[in-house]
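Look over the sequence and the model before reading on.

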Amino acid sequence: MLLTGLGIVLGQFFPLFYKNLDDPTFNQYLLYLIIILFVAFLLSMIISMRLLLNYAKPVDDITSVVTKISKGQPVEWANHPYLHFYEDDLSIAVKEISETMEKMSTKRSVEKDRLKTLIESMGSGLLMFGRGGAVSLVNGMFRKTFGFEDVEIIGRTVNSIGLPTEIEALIEEVFMTEQGQETRFSTEVEGKSATYSVYGAPVIGNHGNWLGIVVVIHDITELIHLEEVRKDFVANVSHELRTPVTSIKGFAETLLSGAMEDREVRKNFLEIIHKESERLHSLIDDLLVLSGVERAEFKLEFTDVHVNRVIEEAIQLVSVTVKEKNMKIIFQPSSEIVVEGDAGRLIQVLVNLLSNALAYSQEGKEVRVCIEKTREQVIIIVEDEGIGIEASQLPRLFERFYRVDQARSRESGGTGLGLAIVKHLIEAHNGSVEVYSKPSVGTAFYVKLPIKQE
């Protein structure tokens with residue numbers, strides 16, 4: 001319609017220049033004119049589209065990119081070839097913003113993963129409450145400690161979780177006072193007594209606003225046990241030292257008071273003083289040995305050790321006691337067995353075990369020593385026919401100064417440190433020691449040593 005109208009308008013001026021044209025020529029002219037106008041129209045449309053694309057397409061692409069950025073979605077610039085090659089200020093600025101946001105998002109994600117890993121790998125239980133009093137964060141150690149592995153507690157309040165009353169009271173106290181609180185309590189976990197230290201503190205934002213509270217729970221069972229062991233050790237050492245020192249002092253004072261004039265009394269008292277001094281010397285030696293073994297810098301001198309020879313030397317060292325008690329040590333050397341170890345320390349281990357077996361056996365009994373070998377280790381068994389040990393006492397047998405029979409042990413001159421030394425020396429060899437016993441039947445110690453040290 002537009003072209004026809006334009007042709008009619010222009011056609012009105014044609015007769016002014018060519019008044020004598022016939023109708024066919026005039027029609028032909030009109031046709032050419034319409035064609036030219038149509039072509040011009042198409043060219044103008046194409047040019048308009050190109051201009052529209054040049055100015056509108058970047059805006060659409062930038063709008064798409066900004067929309068993705070606002071939603072936190074990653075932007076792949078390879079999928080936007082026009083923006084990739086178009087270098088106007090707006091495109092460059094949007095691209096820099098997108099890259100910066102992606103870097104910040106990646107960094108935030110890495111930091112979040114690190115924080116999550118740190119919280120989950122903590123050796124202490126962690127529990128965090130939000131401003132409204134609901135659980136907002138909990139780590140795996142807390143779930144494991146209180147049995148919440150299969151229970152979802154995020155979003156629950158403190159009273160609906162089922163925590164020990166001591167923890168609930170502490171959390172409520174922190175909420176009320178907005179100050180840090182600390183407590184300690186004991187409970188039964190998997191049939192064993194456990195002690196925990198709980199610390200709760202408010203979480204305050206940078207502007208002083210209240211964000212909630214955090215509760216940290218430490219398992220201090222081992223620390224409490226070590227503290228008790230230390231106290232027992234000090235008390236036992238004091239007692240063990242006081243006994244011989246008191247005897248030596250008492251008999252020495254008696255001699256100085258005039259008893260030394262009697263030859264027979266003097267001899268008896270001096271023998272007692274000598275016996276007590278020997279006991280005191282043994283106690284100090286064992287304490288020094290045990291202290292040395294427990295030091296971090298303690299090292300063994302590993303060599304190829306012939307097990308038969310070590311056992312024979314240990315038997316020779318206790319031969320005097322064997323004769324005094326009219327006992328026998330039965331040992332049948334097996335085929336040559338060699339382990340990697342410290343010969344001197346292994347002899348010390350066997351002497352302690354043999355001395356125990358002799359001390360807690362009646363006269364005329366037998367002590368048997370035998371060797372068993374597996375693919376990776378050698379087992380030395382020391383078995384006696386002594387008084388035996390109650391099952392309830394076996395777990396404490398390797399504690400320092402622990403005695404099954406106090407009277408018999410003191411009478412035999414034992415320090416109560418022999419088995420503790422045995423345990424530490426065998427563990428230093430990367431081995432283990434086990435004990436099996438039955439009252440009135442006897443006791444057997446199994447010393448397991450690796451053939452080759454790692």
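Axes here are lines fitted to C-alpha atoms, for helices over the stretch in contact, and angles run from 0 to 180 degrees between N-to-C directions. Helices (H or I, at least four residues) and strands (E, at least two) are DSSP runs, numbered from the N terminus. This is a predicted model: local features need pLDDT of at least 70, side-chain atom pairs count only at pLDDT 80 or more, and totals for chains, interfaces and linings use all residues. Residues are numbered from 1 along each chain as its sequence is written, and side-chain values use heavy atoms, with hydrogens and water left out.

Q: How many helices and strands does the secondary structure of the protein come to?
A: The protein has 454 residues, and 33% of them count as buried (under 20% relative accessible area, with exposed over 50% and partly exposed in between; 1.4 Å probe, protein chains only). Its secondary structure comes to 14 helices and 12 strands.

Q: At what angle do helix 12 and helix 14 pack?
A: The axes of helix 12 and helix 14 are 9 Å apart. Contact, meaning heavy atoms within 4.5 Å, involves residues including Leu 346, Val 349 and Leu 353 of helix 12 and Leu 419, Val 422 and Ile 426 of helix 14. The packing angle is about 145 degrees.

Q: What covers the buried residues of helix 14?
A: Helix 14 spans residues 418–428. Its buried residues are Gly 418, Leu 419, Ala 420, Ile 421, Val 422, Leu 425 and Ile 426. Their cover includes helix 9 (263–294), helix 12, strand 11 and strand 12.

Q: Which residue just after helix 14 takes a positive phi?
A: The phi in question is about 60 degrees. The residue is Asn 430.

Q: Is Ser 361 buried or exposed?
A: Ser 361 lies in the loop between helix 12 (343–359) and strand 9. Its side chain reaches the backbone oxygen of Ala 357 at 2.6 Å. Its relative accessibility is 1%, so Ser 361 counts as buried.

Q: Which residue in strand 12 stands opposite Ile 380?
A: Strand 10 (residues 377–383) and strand 12 (residues 442–450) pair in the antiparallel sense over seven bridges. Opposite Ile 380 stands Val 447.

Q: How many bridges join strand 1 to strand 2?
A: Strand 1 (residues 125–129) and strand 2 run antiparallel. Leu 127 stands opposite Val 138 in strand 2. The bridges joining the two strands number three.

Key: Two strands pair if DSSP finds at least two bridges between them. A polar contact is a pair of N or O atoms within 3.5 Å; within protein, one must be able to donate a hydrogen and the other to accept it, and residues adjacent in sequence count only if both atoms are side-chain atoms.
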